[in-house]
Amino acid sequence: MPTLSEFNILDTHVIENPYPFYQALLQQAPLYRVPGTDIYLVSSWQLIEEVLRNQKDYSANLTGILVTGADGTAELFDFTAFGGVVDAIANADEPVHSVHRKLVMPQLNARKIDAMEEEIRQWSARRVGALVERGAGDWIEEVADPIPVLAMARLIGLPLVDLPQLLDWAFSGGAILAGTTTLDQLLALSVSTEAMNTYLQKHMQGALAERPEPVSAPNDLTEELVNGVRSGLISEREAVSILVVLVGAAGESTSSLTGSAVRVLAEDALLQQKLRKSPDLIPNFVEEIVRLESPFKGHYRAVLHPTRLNGIELTESARVFLLWSAANRDPGAFSEPNELQLDRAKPRDHLGFGRGIHFCVGARLARMEAIVIIEELLSASSTFFVTPNTRPEYVPSIFVRRLRRLPLTFSR
């Protein structure tokens, strides 16, 4: 087993295949300080649950992130030094978090998600069918990225014709949190993020102008947030911030999930055939992909007060990074943690969508999209594989496990 000193969290090979690093963390230092920073990686299931239970000492507010310094090493970029904090929905603390969550959940319940399935299936069948018909193409560009962004636009009430611009914006937030981003790149990304913020602000202002009174039966998330503003539960600024977070989270999570799922299938023809013969196993397959290739590798928490974790003193200037993707392979929580098993007794008992009060609000939608897309892919093709002399390419990020390229060749 390599020692932790042999790993650099920002190295390309660690980002492409982080699992040996995670194994070393779990065995040697489940609470690990990133050298040169006051940021700690939390990798074990037990310690992550301890942090999640302690809302008094740990805040979900995003107050700082890892970036790549001028010398190529990791350093902290402190948002608070510039008066900035992300504190909407997934990054909100109680009691604000509950207000935000209750406003968006009516559009993410089982009935609403079921109603979206037919349209998502049509998008999937059309895009997958065209790709299979051609015999080869990039799964990410043609399916994995656009369908989740289209679903997000429909959910929020944004024009679907804005897809090209929304595709760019949906992944800019993840790029900011990548850790591999330099300060110069961060500045360029902030321009894109500000453009998205302006777009969503105009969208919200237009919705408020059109609806001077609360909406009796909201049709989308924008109308739910309009009701929140009209009733005084949230400000217009909060409504826009919630939309900004949702645009990024919806795109990143499902693109990452469907990309990883199809990569695994492309590398295992026998698994493809098993799922074609037994499509009832597809939901469990999706859960195992969420566990093994967690779309979000981790999320930050800010330390509010001096506290102890795993016997180590944490100061109130520290941040912890909860490594869902490491805990999902913790042998203390799973038998054969690195193996894909379609018959796990509790397939949803993982941290791939977070846990506790901040459990992903869009988990139901992400699951449905992934199942539908995989069903359409398996039914449209007889087999598929990674195109020879190419390889899958991952986004260089410590934050997301998302493919930016997956060249496939198909047989009908």
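This report describes selected helices and strands of a predicted model.

## Basis of the description

The model is predicted, so local features are given only at pLDDT of at least 70 and side-chain atom pairs only at pLDDT 80 or more, while totals for chains, interfaces and linings use all residues. Residues are numbered from 1 along each chain as its sequence is written, and side-chain values use heavy atoms, with hydrogens and water left out.

Helices (H or I, at least four residues) and strands (E, at least two) are DSSP runs, numbered from the N terminus.

Five strands form an open sheet with mixed pairing, in the order β1-β2-β10-β7-β3, where two strands pair if DSSP finds at least two bridges between them. Strands β1 (31-33) and β3 (58-59) stand at the edges with a single partner strand each, so one side of each is left without a neighbour in the sheet.

β1 pairs with strand β2 (residues 39-42) in the antiparallel sense over three bridges, and Leu31 stands opposite Val42 in β2. Helix α3 (residues 45-53) packs on this sheet, touching β1, β2, β3, β7 (299-303) and β10 (319-322); contact here means heavy atoms within 4.5 Å. The direction of α3 makes about 125° with that of β10, where axes are lines fitted to C-alpha atoms, for helices over the stretch in contact, and angles run from 0 to 180 degrees between N-to-C directions.

Strand β4 (residues 64-68) is mostly covered, with five of its five residues buried, that is, under 20% relative accessible area with a 1.4 Å probe and protein chains only. In a regular strand the side chains alternate between the two faces of the sheet. Gly64, Leu66 and Thr68 point one way from β4, whereas Ile65 and Val67 point the other way.

Five bridges join β4 to strand β5 (residues 74-78), and the two run antiparallel, with Val67 opposite Glu75 in β5. The hairpin has five residues between the strands, and Gly72 takes a positive phi near 90°.

## Helices and a buried histidine

Helix α7 (residues 146-156) and helix α12 (residues 236-266) pack at an angle of about 150°, with their axes 8 Å apart. Among the residues that meet there are Pro148 and Met152 in α7 and Leu243 and Ala250 in α12; by class, this contact has eight nonpolar, three polar and no charged residues.

His100, which lies in helix α4 (residues 96-104), is buried, with a relative accessible area of 1%. Not counting residues up to four places away in sequence, His100 touches Asp87, Ala88, Ile89, Ala92, Ile234, Glu238 and Ile242.

Methods: Buried < 20%, exposed > 50% of the residue type's maximum accessible area, 1.4 Å probe, protein only. Nonpolar A, V, L, I, M, F, W, Y, C, P; charged D, E, K, R; others polar.
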